[in-house]
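I opened the file and kept notes as I went. The entries below follow the order in which I looked things up.

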Amino acid sequence: MAWSLRTLPTLSQEQFVQWGKLLEERTGIQLVFQQKAWLESQIYARLRDLGYGDYDDYYHFVAQETIDSKLEWARLIDRIAVKETSFFRHRESIEYVRTYLQQKINNQSLAGSFDVWSLGCATGEEAYSLAMVVNDCFELAAISPFYGVTAMDISSSALAAGRAGRYSKRRIGQVKPDEAMRYLQACSDGNYQVVGKLRDRVCFTQSNIIHARQLPQVSVDVIFCQNLLVYFRRWLRRDVLNALVERLKPGGLLVVGLGEVMDWEHPEMQRTDDDQVQAYVRLNH
């Protein structure tokens, strides 16, 4: 029977638990049973492409540690873990970074380069949004643009899309006209290309955030981590956040999704008083 005519097979409760355990072990993503139909559709697409007859055979293949299995796991993760995103998805949080940097420039407390991390960057819209407001601040102050944005994600295909910096009109809907004029170029096919001076400032790199303690031991000014921790268990959220604190400069800023973390506290971090964002500043010791 042709694949297009087959009925989508159903994951049993046991199979769903098995797949969920593997996914959480490798990515930190925690699935609930209401997501079973969605998971079925994502896995089934790969079953169809590879010609596997059932979920178990495919599971045993991707659970292995061979090169082919790892490559296939990466393809599956591209389907499961890459989230829909857009420029300035939560503008209040992006604008908070602008205000934070502007104050540092005004106070002449900007020492060295201004370094930003965008974690769970997906296809790069968030990272470029951050680069836009940071670049605005440097140009407004008429100082050399000494900054960089490091964009991290688990998906190699999402990172490749980010490096290309080419987006549909729908994805740039939240970009203001004056921002688009400065930072986007209209293409003949109706898409938009991020300008070179901005792409040069954003570095895309593959990283698994559940191994946050293995991230580079560098000190950065801003860590932006939105719409990512919500997929993790509480203990993993805390572990990731604690590791991120260690990579912030004194006075550095950590921004998470509003309401994404409810019970986290850290002796070196103080939450800001802006109720439009959920941001923390590392205390100067």
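**Entry 1: Glu-139**

I started with Glu-139, which is partly exposed at a relative accessible area of 43%. That value is not under 20%, so I could not call the residue buried, and not over 50%, so I could not call it exposed either. I am working on a predicted model, and I keep that in mind throughout. Glu-139 lies in helix α6, which covers residues 125–140.

Which residues does Glu-139 touch, leaving aside its neighbours within four places in sequence? I found Tyr-183 and Lys-197. I also took the C-alpha to C-alpha distance from Glu-139 to Arg-48 and got 51 Å. In sequence these two residues are 91 apart.

**Entry 2: the sheet**

Next I traced the sheet. I read seven strands in an open arrangement, in the order β6-β2-β1-β7-β8-β10-β9. The pairing is mixed. At the edges I noted β6 (202–206) and β9 (269–271), each of which pairs on one side only. From one strand to the next the twist averages 20°.

I then checked which helices pack on this sheet. Helix α6 does, touching β1, β2 (147–153), β6 and β7. I got about 160° between the direction of α6 and that of β1. Helix α10 also packs on the sheet, with β1, β7, β8, β9 and β10 (278–282) as the strands it touches. Its direction makes about 145° with that of β8.

**Entry 3: strand β7**

I went back for β7, residues 220–225. Is this strand mostly covered or mostly open? It is mostly covered: I counted six of its six residues as buried.

How does β7 pair with β1? The pairing is parallel, over three bridges, with β1 running through residues 114–119. Ser-118 is the residue I found opposite Phe-224 of β7.

I looked at β8 (residues 248–256) next. It pairs with β7 in the parallel sense over five bridges. I noted Val-220 opposite Leu-248 in β8. I also noted Ile-223 opposite Leu-254 in β8. I then followed the chain from β7 through helix α10 (residues 234–245) to β8, and read a right-handed β-α-β unit.

**Entry 4: helices α1 and α3**

I turned to α1 (residues 13–27) and α3 (residues 55–62). They pack at an angle of about 20°, and their axes are 11 Å apart. Angles under 35 degrees count as roughly parallel, so I logged α1 and α3 as roughly parallel to each other. I recorded the crossing as left-handed. From α1, I listed Gln-15, Gln-18, Trp-19, Leu-22 and Arg-26 in the contact. From α3, I listed Tyr-55, Asp-56, Tyr-58, Tyr-59 and Val-62.

**Entry 5: Ala-111**

Last, I looked up Ala-111. Where does Ala-111 sit? I placed it in the loop between α5 (91–106) and β1. Its relative accessibility is 63%, which is over 50%, so I marked Ala-111 as exposed. I then took its C-alpha to C-alpha distance to Cys-187, which came to 38 Å.

Notes: Residues are numbered from 1 along each chain as its sequence is written. This is a predicted model: local features need pLDDT of at least 70, side-chain atom pairs count only at pLDDT 80 or more; totals for chains, interfaces and linings use all residues. Side-chain values use heavy atoms; hydrogens and water are left out. Helices (H or I, at least four residues) and strands (E, at least two) are DSSP runs, numbered from the N terminus. Buried means under 20% relative accessible area, exposed over 50%, partly exposed in between (1.4 Å probe, protein chains only). Contact means heavy atoms within 4.5 Å. Two strands pair if DSSP finds at least two bridges between them. A crossover is right-handed if, with the strands pointing away from the viewer, the path from the first strand over the helix to the second runs clockwise. Axes are lines fitted to C-alpha atoms, for helices over the stretch in contact, and angles run from 0 to 180 degrees between N-to-C directions. Angles under 35 degrees count as roughly parallel, over 145 as roughly antiparallel, 65 to 115 as roughly perpendicular and the rest as oblique. A crossing is left-handed if the near helix is turned anticlockwise from the far one by less than a right angle, and right-handed if clockwise.
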